[in-house]
Amino acid sequence: MYGQSFVRLDSIIQTMKASAKQQSIYIVAAKTNVLYDIAGVPNIGMEVMVNRHISVAGEFAYSHWSSKNTYHLQTTQGGLAGKYWFNYTNKKLIGWNVGAYATMGGKYDVQWKQGYQGDKFYSGGIQGGYALELSRRFHLEFVAAAGYFYTPEVRHYHYGDREHLVWKETRYNVGRLAPTKLQVNLVWVLNGNKNRTCVCY
């Protein structure tokens, strides 16, 4: 009799723990890079906190605008990142974090009195960031990254007479180590209570 009661009680405790764990980990947030928004590049990102220290983020940006024949900013790109949050408190997506990222882009055209055009590019490396709390649901995250940038072909133009683009050179298999990403992300926590204690490890 006592054995059956103990088994029943243990089953209830395990069920409660599993329920608390499920509620506490899958924190989902939407975000946008304010620097891209200011530059006229609409973008959106999603981030999921999968346990107390680890999150996975994805982002997408698209722009296709020009001003006469002087300024162009056309790009399509998407990326993924994995982050480790040091998480000295029980608040989710707050504080210092480090991680690795990968980005892939399609055709691009960047012109600012001289221009660079290409059909695709790739980037990958390491990143670090810090997120501060603006309110219960909104955070502001600062991210900087460095890594390897590669594009199979890039065409360089400059302006000649009457502001017409003039081809200058084409370079192939361009790759370099450099700073690759700078973000100021406005983050909106969509679900979960970020102050809830996480029971997972």
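The lining of the largest cavity splits into 6 nonpolar, 6 polar and 5 charged residues (Ala, Val, Leu, Ile, Met, Phe, Trp, Tyr, Cys and Pro count as nonpolar, Asp, Glu, Lys and Arg as charged, and the others, Gly among them, as polar). This is a predicted model, where local features need pLDDT of at least 70 and side-chain atom pairs pLDDT 80 or more, while totals for chains, interfaces and linings use all residues. Residues are numbered from 1 along each chain as its sequence is written, and side-chain values use heavy atoms, with hydrogens and water left out.

**The cavity**
- Searching the whole structure turns up 1 cavity of 30 Å³ or more (on a 1 Å grid over the protein atoms alone, a set of points where a 1.4 Å probe fits but cannot get out; lining residues have an atom within 4 Å of a point).
- The largest cavity holds about 110 Å³ (the space filled by probe spheres set on the points, which are joined across faces, edges and corners).
- Its lining has 17 residues, with Ala57, Glu59, Ala81, Lys181 and Gln183 nearest the centre.
- S4 is the top contributor here, giving 4 residues (strands are DSSP runs of E, at least two residues, numbered from the N terminus).

**The pocket**
- About 1100 Å³ lies in the largest pocket (an open set with protein on both sides within 12 Å along at least five of seven lines).
- Of its 39 lining residues, Tyr36, Gln77, Val110, Phe121 and Phe149 sit nearest the centre.
- Strand S10 (residues 165-189) gives the most to this lining, 11 residues.
- The pocket lining comprises 18 nonpolar, 15 polar and 6 charged residues.
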